[in-house]
Amino acid sequence: MVALICSRFGVDQIDAAEDVVSETFLAAAETWGLKGVPDNPVGWLYRVAKNNTLNGLKHERVFRQKVKRELVKGSSSSIEPQLDISPENITDSQLRMLFAVCHPSIPVEAQVSLALRVLCGFTIDEIAQALLTTKANINKRLYRAKEKLRQSGVTLTLPDDVGMNERLDAVLITVYLLFNEGYYSASPDKLLRKDLCLEAMRLAYLLTEYRGGSGKAIVRPDVYSLLALMCFQASRLEARVDAAGRLVLYEQQDSGLWNTELINRGNSFFIKACDAGALSRYHLEAAIAWWHTQQGDSREKWENILMLYNRLLMLAYSPIAALNRAYAYARVYGKEAAIPEAEGLELTGNLFYHSLLGELYLGVDEGKAVGHFEQALELASTEAERAVISRKIGSCRRS
Amino acid sequence: MKEFALIFRVPSGLGAEVSPAEMQERMTFWMNWMGGIAAKDRLVNSGNRLGVKDSKWVGANGVVSDGPYTEVKEFINGYIVVRAENGDEAAELAKGCPILLGGVGKVEVRPLVAPDNNE
């Protein structure tokens with residue numbers, strides 16, 4: 001809704017647009033409480049928001065005209081402002097806003113917060129909870145990001161063909177980050193984490209719906225591979241956390257809880273992704289995620305995962321991919337062969353480096369295993385992580 | 001960190017047939033070796049394999065000969081570029097190279113020279 005209003009009246013009206021939206025929802029809470037929910041609640045909200053916006057603008061216009069009259073005593077061509085609330089325009093506005101939010105002038109963490117606020121309608125409270133920071137921090141981040149948008153004169157026009165490619169890269173990174181914030185978040189609120197993942201998937205899906213002026217799709221194959229990747233990952237959302245909110249590791253998950261509908265949707269996105277075009281990191285990550293949706297263990301599964309991590313790392317290094325590769329190496333060639341691979345990574349300040357080495361040394365050298373788990377425990381920042389590691393240390397000591 | 005080319009040299013005349021299974025295995029060795037270097041964030045460039053068929057070498061005065069340039073019955077069949085503190089460290093990375101598995105190949109470690117370096 002904020003996106004819709006801004007796409008008509010400009011990004012500099014973003015605060016005013018947020019006010020209009022808040023007023024609208026307040027009105028909904030009051031009216032629906034008294035009269036019941038209308039037949040088409042979404043349409044109702046958009047209609048009321050439209051009226052609120054137009055009223056707000058009328059005030060501003062009256063003011064401007066009065067001042068203007070004093071100054072020029074001339075004619076004023078007053079045109080009634082319009083707000084198009086058709087579904088096509090809503091989708092289009094959200095896309096424009098998504099590209100504006102991912103403007104290079106804004107740091108990527110701020111992009112995530114801003115997207116959650118203006119595109120996903122999260123409250124400041126929810127964003128702070130999801131990103132494990134304070135409300136004050138989020139407010140600061142949002143304030144600065146909006147200032148940047150104004151200062152840089154960002155408009156809600158979509159970049160041209162040349163700029164589009166580059167900006168689409170940034171959009172995909174932000175959307176994937178948004179997804180990972182939800183997927184890996186240590187926030188105790190399970191529903192909130194799920195919402196984050198679903199919103200990221202919705203935004204990526206939005207990208208596939210866009211048709212430019214010429215009816216040409218902007219969709220690149222990596223948009224589909226990112227969608228596939230998120231579907232495959234999200235299929236395990238239910239299985240990876242137990243009833244008590246504890247993290248369940250992949251090997252211990254009940255594969256009956258994996259969401260087959262999401263896996264199937266992921267498959268069809270992935271087929272589209274592989275139809276044409278260059279191989280991106282999202283293709284490789286989606287392929288890795290696909291192998292993880294395969295139940296049971298086989299040598300073939302882990303050999304393929306290892307090969308894909310090799311290729312992913314050759315394309316782009318990241319510590320988490322390096323650690324996952326070492327784990328896959330252990331699954332193919334055994335723990336002892338994988339220990340030098342893991343130790344060679346020298347990621348000594350990384351929690352997962354130590355928990356991986358702890359895991360690899362189990363049954364090989366219990367003393368070293370405990371040593372690594374203890375270092376991991378020191379690096380852990382959340383209760384959930386500490387609980388998992390403490391259980392490991394406990395079982396080492398008992399054995 | 002400096003950049004080094006790791007150049008793979010193999011003896012010529014080893015034209016033995018390789019079965020698809022062996023080929024697959026060799027590919028796995030290469031991918032694991034290069035993946036391992038990339039996992040340490042030391043891979044600068046995956047380089048290229050260099051083919052033998054349809055290769056030429058060109059000398060002065062318009063002399064063109066068929067085949068890769070072999071000196072002392074050895075030719076280059078590929079290279080990658082890695083990042084290392086010094087030559088010794090780059091040599092350490094080269095030690096796992098599958099070209100060495102047969103006992104006859106060699107890896108040559110050569111620093112890349114920046115355009116402004118006139119040493």
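Two strands are taken to pair if DSSP finds at least two bridges between them, and strands (E, at least two residues) and helices (H or I, at least four) are DSSP runs numbered from the N terminus. In chain B, β2 and β5 (residues 74-84) pair in the antiparallel sense over 4 bridges, and B:N45 stands opposite B:V81 of β5(B). The model is a predicted one, in which local features need pLDDT of at least 70 and side-chain atom pairs count only at pLDDT 80 or more, while totals for chains, interfaces and linings use all residues. Residues are numbered from 1 along each chain as its sequence is written, and chains are lettered from A and ligands numbered from 1 in the order in which they are written.

The β2-β5 pair belongs to an open sheet of 4 strands in chain B, with order β2-β5-β1-β6 and antiparallel pairing. At its edges lie β2 (43-49) and β6 (106-111) of chain B, each pairing on one side only. From one strand to the next the twist averages 20°. Helix α1 (residues 20-39) of chain B packs on this sheet and touches β2(B) and β5(B), its direction making about 160° with that of β2(B). Here, contact requires C-beta atoms, placed from the backbone, to lie within 7 Å; axes are lines fitted to C-alpha atoms, for helices over the stretch in contact, with angles from 0 to 180 degrees between N-to-C directions.

We can now turn to the interface. In total, 11 residues of chain B are in contact with 12 residues of chain A. On the chain B side, α1 and β2 each supply at least two residues, and α1(B) gives the most, with 7 residues.

Helices α13 (residues 299-315) and α14 (residues 319-333) of chain A pack at an angle of about 150°, with their axes 9 Å apart. This makes α13(A) roughly antiparallel to α14(A), a label for angles over 145 degrees. Residues in the contact include A:W302, A:L306 and A:Y309 of α13(A) and A:R325 and A:Y329 of α14(A).

Most residues other than glycine have a negative phi. Phi of B:D41, however, is near 60°; this residue sits in the loop between α1 and β2 of chain B. B:D41 is partly exposed because 17 other C-beta atoms lie within 10 Å, where 20 or more would count as buried and 12 or fewer as exposed. A:E346, with phi near 50°, lies in the loop between α15 (335-343) and α16 (351-361) of chain A, and counts as exposed with 12 C-beta neighbours inside 10 Å.

Technical notes
Two residues are in contact if their C-beta atoms, placed from the backbone, lie within 7 Å. Angles under 35 degrees count as roughly parallel, over 145 as roughly antiparallel, 65 to 115 as roughly perpendicular and the rest as oblique.
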